[in-house]
Amino acid sequence: MTTAAPDVAAAASLIGEQLGGCHPRIAIILGSGLGQLADRIERATNIPYADIPGFPSSTVVGHAGRLVAGSIEACDVIALSGRFHLYEGHSAATAGLPVRVAHALGARVLFVSNAAGGVRATLRPGDLMLIDDHINLMWRNPLIGPIVGGDERFPDMSAPYDRELLSILREVALDVGVPVTEGVYAAVLGPSYETPAEVRMLRWMGADAVGMSTIPEVLTARALGMRVAGVSCITNHGAGMTTQPLSHDEVVEIGERVKEPFERLVRGFVARVAD
Ligand code: HPA
């Protein structure tokens, strides 16, 4: 059985009407604390999520909840500032909705970013980690149910993060002088942070970083045949790795610190992909 996705069509048509000559090729999801890039987009059209049919309004501090279309480095992009988290009560399908809309508007590359806790002992707050694989511990999948028209039923996940885009990111990081590391991102449901025992389990499983987002968007993008690249901003040590308790304020504060190198990385990436 296949089904149409009415929310996608309505959202894309409303947004499309406002875009003028902008034809976004790359969709960029901005994680907690990384939203400032949305303000640097040229010839920007800002559309609050509240004005987009089918989009619920986003609630987390540090998430503005708007779509911004325009250009970066002479490439048309669509930035999604604020995302729909499962811990807010959204379904995985809703978390993937902005990706579907960006795809309907023409984007074929998805760049995801997030705030994450460092699970690998050598990661430090402020590190940027290129995501080279993921572990879905949300136990939710946005593709469950009838096939949405155009979706691959059984998306191949042997390289969820496109190898070529990953090597572009590596090269760009060197070119623009932003130190990066690479690793596996594990997503949990949240909203409570992990226990020290859970962090030990994650490390044992092969995770380098842990967060509460991103994977539903990546799964949606893969079902649509989009190529994906992503970066985790390490905002804290995983629970139990220091004596400090975790707080969301810390996550937002580190986001502030990395926003400049993060922006350089994304700009370099967009310029290279647009080439
Ligand atoms: N755990 C889960 N999600 C997070 C963390 C963390 O330590 N830091 C930022 N997002």
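Biologist: Which residues is L169 in contact with, leaving aside its neighbours within four places in sequence?

Modeller: This is a predicted model, by the way. In it, L169 is in contact with F111, L130, A229, G230, V231, L265 and F269.

Biologist: Where does L169 lie?

Modeller: L169 lies in helix α3, which covers residues 163-176.

Biologist: Is L169 buried or exposed?

Modeller: Buried. Its relative accessible area is 0%, and the cut-off for buried is under 20%.

Biologist: And how far is L169 from P24?

Modeller: Their C-alpha atoms are separated by 20 Å. Along the chain, L169 and P24 are 145 residues apart.

Biologist: New topic. What does S113 touch?

Modeller: Set aside residues up to four places away in sequence. Then S113 touches I29, L30, G31, L34, R83, T214, V231 and F262. V231 is also a contact of L169.

Biologist: How far is S113 from D175?

Modeller: The C-alpha atoms of S113 and D175 are separated by 20 Å. The two residues are 62 residues apart along the chain.

Biologist: You listed T214 among the contacts of S113. Where is T214?

Modeller: T214 sits in the loop between β10 (209-211) and α5. T214 is buried, with a relative accessible area of 0%. Its phi is near 75°, a positive value in a residue other than glycine.

Biologist: Is W139 buried or exposed?

Modeller: Exposed. Its relative accessibility is 67%, and exposed means over 50%.

Biologist: What about peptide bonds? Which residues does a cis one join?

Modeller: A cis peptide bond joins G190 and P191, with omega about 0°. P191 is in the loop between β9 (181-187) and α4 (196-205). Most peptide bonds are trans.

Biologist: Back to helices. How do α2 and α5 cross?

Modeller: Helix α2 is residues 92-104, and helix α5 is residues 215-223. Their axes come within 8 Å and cross at roughly 55°. That angle makes α2 oblique to α5. The crossing of α2 past α5 is right-handed.

Biologist: Which residues meet there?

Modeller: From α2, A92, A95, G96, V99 and R100. From α5, P216, E217, T220 and A221. The residues of this contact divide into five nonpolar, two polar and two charged.

Biologist: Now zoom out. How many helices and strands are in the protein?

Modeller: The protein has six helices and 11 strands. Its radius of gyration is 17 Å, close to the 19 Å that the globule rule gives for 275 residues, so the protein is as compact as a globular protein of that length.

Biologist: What box do the C-alpha atoms fill?

Modeller: Roughly 50 × 45 × 35 Å, taken along the principal axes.

Biologist: What share of the residues is buried?

Modeller: Buried residues make up 55% of the 275.

Biologist: And what about contacts between residues 24 or more positions apart?

Modeller: Take the contacts with a separation of 6 or more. Residues 24 or more positions apart account for 84% of those.

Terms used: Residues are numbered from 1 along each chain as its sequence is written. This is a predicted model: local features need pLDDT of at least 70, side-chain atom pairs count only at pLDDT 80 or more; totals for chains, interfaces and linings use all residues. Side-chain values use heavy atoms; hydrogens and water are left out. Axes are lines fitted to C-alpha atoms, for helices over the stretch in contact, and angles run from 0 to 180 degrees between N-to-C directions. Helices (H or I, at least four residues) and strands (E, at least two) are DSSP runs, numbered from the N terminus. Angles under 35 degrees count as roughly parallel, over 145 as roughly antiparallel, 65 to 115 as roughly perpendicular and the rest as oblique. A crossing is left-handed if the near helix is turned anticlockwise from the far one by less than a right angle, and right-handed if clockwise. Contact means heavy atoms within 4.5 Å. Ala, Val, Leu, Ile, Met, Phe, Trp, Tyr, Cys and Pro count as nonpolar, Asp, Glu, Lys and Arg as charged, and the others, Gly among them, as polar. The radius of gyration is taken over C-alpha atoms; the globule rule is 2.2 Å times the number of residues to the power 0.38. Buried means under 20% relative accessible area, exposed over 50%, partly exposed in between (1.4 Å probe, protein chains only).
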